[in-house]
Amino acid sequence: KEGEDKGEQADKSEIAKKHHSAAFRSEVWQTCSSSSFGSTKTIYDAGSVRRLSVSEVPGEATTGETKTDDSVQEDVIPDTSVSGFFKSFFTSPAKEEEDTDAEGDVTNEEEDEKYTILATSLEDTDCHPHVLSPPIMEALRSHLPFTVRQDNYWLKYSMVRDGASMRSLLSKVRSSTRTIIAIETFEGDVLGAFVSSPWRPHPSGYYGSGEAFLWRLPKSRFSTCKTVEEQIELESKLDIFDWSAKNRNVQTVTSADGDLVVGGGGPDEDPSQGGGSGITVAADISRGFSEACLTFESPELPTEGQKDMFEIANLEVWALTPVDNINQAENLELGRQFVFDHGNFVQD
């Protein structure tokens, strides 16, 4: 019996080591296709993601005709000319498409979508360990505003790649309108925020949009999972905390060397009551803070260790873009920045 107990402890130790290894995280990216999500399965390549209906997944039992790769339509790349830019900026790049099957039932093409991961990949060791994994990306998409729900993920800033500096972070994301902050702590907590306004120094205080929300994994990423499939399942479930409308203190960063803050303060009708911030990232990006926050009616976000303060293992900022290569994404983003910075030139 003593030998069995030692063997069990050894097994648990081996499982724990897998969570901390780059190889185990790589398996999560590579083998998501073996985990079902409702009526679809998700296939992750080094740089792209395509959701297939069950009938398209090799080896699955199917009814009716099996689709082939030839049936997959090529993605439409938006026109990046001046006229094309205004068209893509003021209209949603991702429209819900509907199709009718042989029996007249409506099927949604959303189950056969493709999106791309830009500026990093599974082989990009400079960004390891990635905070966002494909299962987390997939889970976040359903909570994004409709106009960007089908956009591609573009890694703009990674602490381990670009350095732990608020000035570096702000310079990387200056032109990005809608962004996802993703933080991993040394305890395995994964948490973050989505905001719809650019991150720029704002000495006058809070600003932002009611589209913002906070999010977290309910359990530590280091929770015991015996298989990659169990890890994928763990990373597919998120707690989401939407804007409460009780104050307008959505986001702020007071200077290029200041703290980055999401949420905080008391109700608009009585600001003197005060209130904690949902997420505060210190200027040196070495640590962060999280308190119960009225802006999103959220609790302290970490679930492990000291709840209100955490040490940051990695922090990423992801932008969302409707195009699927970096050159086009940069051109589109710079065009949007020009409109925001010089919008007064547009006359009725």
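Glu297 counts as partly exposed, at 48% relative accessibility; partly exposed means between buried (under 20% relative accessible area) and exposed (over 50%), using a 1.4 Å probe and protein chains only. This is a predicted model, where local features need pLDDT of at least 70, side-chain atom pairs count only at pLDDT 80 or more, and totals for chains, interfaces and linings use all residues. Residues are numbered from 1 along each chain as its sequence is written, and side-chain values use heavy atoms, with hydrogens and water left out.

Now for the backbone around Glu297. Glu297 sits in the loop between S15 and strand S16 (309-321). Strands (E, at least two residues) and helices (H or I, at least four) are DSSP runs, numbered from the N terminus. Most residues other than glycine have a negative phi, and most peptide bonds are trans. Here are two residues that go the other way on phi:

| Residue | Phi | Relative accessibility |
|---|---|---|
| Glu297 | near 45 degrees | 48% |
| Ile285 | near 55 degrees | 0% |

Ile285 is buried, and its loop runs between strand S14 (279-281) and strand S15 (287-289).

There's a peptide bond to look at too: from His128 to Pro129 it is cis, with omega near 0 degrees. You'll find Pro129 in the loop between strand S6 (114-118) and helix H4 (134-141).

Back to S16 and its partner. Strand S7 (residues 152-158) has 7 of its 7 residues buried, so S7 is largely enclosed by the rest of the structure. S7 and S16 pair in the antiparallel sense over 6 bridges; pairing takes at least two DSSP bridges between two strands. In this pair, Tyr153 stands opposite Leu320 in S16.
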